[in-house]
Amino acid sequence: MTDVVLETKSLVKHFPINQGIVFKTKVGAVQAVDGVDLQLRRGETLGVVGESGCGKSTLAKLLVGLEKPTSGSIMVRGQDMVRLKGNELRRARRNIQMVLQDPYTSLNPRMTVGDIIGEPFEIHPEVVPRKGRERAVQDLLDTVGLNPDHINRYPHQFSGGQRQRIGIARALALKPEIIVCDEPVSALDVSIQAQVINLLERLQDEFGLSYIFIAHDLSVVRHISDRVAVMYLGRIVEQGYDTEIYDQPTHPYTQALLSAVPVPDPRLRGHRDQIVLEGDVPSPANPPSGCRFRTRCWKAQSVCAEKDPVLQLRERSPHPSACHFAEIRDVVHGH
């Protein structure tokens, strides 16, 4: 898995804050994504985790072209998606598709399942000839575990898990290499979550897909991901292989997140040293100077306010971490 299919460099998305109705004046900006560097290799799953409001969904929209970045680059198979226009952009976007979070609102209730899954063929008619589209849609339904005979049903006739399978079939229609999954199981029951996760893993093996898997459930991310990137206030603060992040977290924010995950082994529950973060998440419109996590960090010192820590390998961290005092902590036993 050394072949890089997706890479972002210094990716930034700031939403302007304006005052006035007729004559608008820019008075600031919400720094939703602020300098994100990521690499996704062929056939792997990169998990992106973090609290609500940290910029995960904005990052997903940037990757698939639903939002235009303020600056930076998004390279898909060597092509910069930010610079492409017209037919070149349309062809390139076939390689990266998206599974949305809510299966109840992401499907048009006025369209049949066949029209929903077949809609990408209308935009990219070169993929499947018109005469073969009904068969192609039925094959996609069968691929995701749904009855091909239900092609003329409407979304309200399906359960939540089935609707998400329809969303996955739609994402597969153009035969992409990359699928961005924006919290695809958070709206589903736990038992259904497992079925959808297993489906995604099967499809990955069958079609050689690469996933960006965004979630706030750390246990789900650990199950499906090869590597994990932890986001806080628009930036990646720690990145590494799943075993490194979960067994040897070095950034205080990652350690706090992992300490809140329920322990399945009852013998270890009394030994959990839970880290309770004080204060609220700072506003992305006015982030703290230096390290953005310093206002909630128990390790914060004067250098944290003066110098912004770079995401890099450090003396006490076996993987890149954006903390001046990064060091391994056992989140179960607290040392």
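In what follows, Ala, Val, Leu, Ile, Met, Phe, Trp, Tyr, Cys and Pro count as nonpolar, Asp, Glu, Lys and Arg as charged, and the others, Gly among them, as polar. Keep in mind that this is a predicted model.

A search of the whole structure turns up 2 cavities of 30 Å³ or more. The largest cavity has His251, Pro252, Cys291, Phe293, Arg294, Cys297, Lys299, Ala300, Cys304, Cys323, His324 and Phe325 around it. By class, that makes 8 nonpolar, 2 polar and 2 charged residues.

The second largest cavity is lined by Val49, Leu218, Val228, Val230, Ile245, Tyr246, Thr254, Leu257 and Leu258. Strand S9 (227-232), helix H8 (242-247) and helix H9 (252-259) each give two or more residues to this lining, and H9 has the largest share with 3 residues.

Then there's the largest pocket, with 15 lining residues; Leu66, Arg93, Gln97, Met98 and Ile123 lie nearest its centre. Strand S6 (96-99), helix H3 (113-123) and helix H5 (160-172) each put two or more residues into the lining.

Here are the spaces side by side:

| Space | Volume | Lining by class |
|---|---|---|
| Largest pocket | about 510 Å³ | 9 nonpolar, 2 polar, 4 charged |
| Largest cavity | about 70 Å³ | 8 nonpolar, 2 polar, 2 charged |
| Second largest cavity | about 30 Å³ | 8 nonpolar, 1 polar, no charged |

One more residue to look at is Ser321, which sits in strand S12 (residues 317-321). Ser321 counts as buried because its relative accessible area is 0%, and buried means under 20%. Leaving aside neighbours within four places in sequence, its contacts include Val237, Glu238, Thr250, His251 and Ala326. His251 also lines the largest cavity.

Technical notes
Residues are numbered from 1 along each chain as its sequence is written. This is a predicted model: local features need pLDDT of at least 70, side-chain atom pairs count only at pLDDT 80 or more; totals for chains, interfaces and linings use all residues. Side-chain values use heavy atoms; hydrogens and water are left out. Helices (H or I, at least four residues) and strands (E, at least two) are DSSP runs, numbered from the N terminus. Buried means under 20% relative accessible area, exposed over 50%, partly exposed in between (1.4 Å probe, protein chains only). Contact means heavy atoms within 4.5 Å. On a 1 Å grid over the protein atoms alone, a cavity is a set of points where a 1.4 Å probe fits but cannot get out, and a pocket is an open set with protein on both sides within 12 Å along at least five of seven lines; lining residues have an atom within 4 Å of a point. Grid points are joined across faces, edges and corners, and a volume is the space filled by probe spheres set on the points.
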